[in-house]
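Please read the following points beside the sequence and the model.

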Amino acid sequence: MLTAILGFVLKLLSGGVVDKVLGHMEAQANTETERERIRTQATIEAIRAETAAQTEARAIIVAEQGRWYTAAVRPAFALIFIIFLAKVVIWDKVLGWGTTDDLSPQLWNVCMTVVGAYFFGRSAEKISSIVTSRRK
């Protein structure tokens, strides 16, 4: 009789408690899986949005570059500073054949921005994408 009572109590405890624990563990695993699925879906959507934005930006640039006069604006703007810097470095400094008035601080800022955009812009994009991908 004692074994029957003990068996009944163990059956009640083990069945109810184990089922509840297993149910809780399953629900927790489903929650974590759902969170991971949501994170993955958000990452996929962010990648799709970035790809779409890059495609659109490329389409705009291609459309702008479609005509010679729209394609020549950026190089023509940079050519001004290329000529100035070449004159200062080659004519004035290397050959010593002249002097050139200094640019105002604002124009030096524009000049450095143009030079930076041409020589360092793509490198900065690559570095930022590497840093961003490592953070995720």
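Predicted model: local features only at pLDDT ≥ 70, side-chain atom pairs only at ≥ 80, totals over all residues.

1. Helix α3 comprises residues 73–94. With its 22 residues, α3 spans 30 Å from the first C-alpha to the last, close to the 32 Å expected at 1.5 Å a residue.

2. Several residues of α3 are buried, namely Ala78, Phe81, Phe84, Val88 and Asp92. Helix α4 is included in what covers the buried residues of α3.

3. A pair of aromatic rings is described by two values, the distance of the centres and the angle of the planes. The model contains 3 aromatic pairs. One of them joins Phe84 and Trp108: the ring centres are 6.0 Å apart and the planes stand at 70°, so this pair is edge-to-face, because an angle over 60 degrees is counted in that way. The pair links distant parts of the chain, since Phe84 belongs to α3 whereas Trp108 belongs to α4 (residues 105–119), 24 residues apart.

4. Are these two partners buried or exposed? Phe84 has a relative accessibility of 17% and therefore counts as buried, the limit being under 20%. Trp108, at 26%, is partly exposed.

5. Trp91 and Trp97 also form an edge-to-face pair, because their ring centres are 5.0 Å apart and their planes meet at 85°. Trp91 is partly exposed, with a relative accessibility of 40%. Trp97 reaches 56% and so counts as exposed, the limit being over 50%.

How values were computed: Residues numbered from 1 in each chain as written. Heavy atoms only, no water. Phe/Tyr/Trp six-rings, centres within 6.5 Å; stacked < 30°, edge-to-face > 60°. Helix = DSSP H or I, 4+ residues; strand = E, 2+ residues; numbered from the N terminus. Buried < 20%, exposed > 50% of the residue type's maximum accessible area, 1.4 Å probe, protein only. Expected span 1.5 Å × (residues − 1). Contact = heavy atoms within 4.5 Å.
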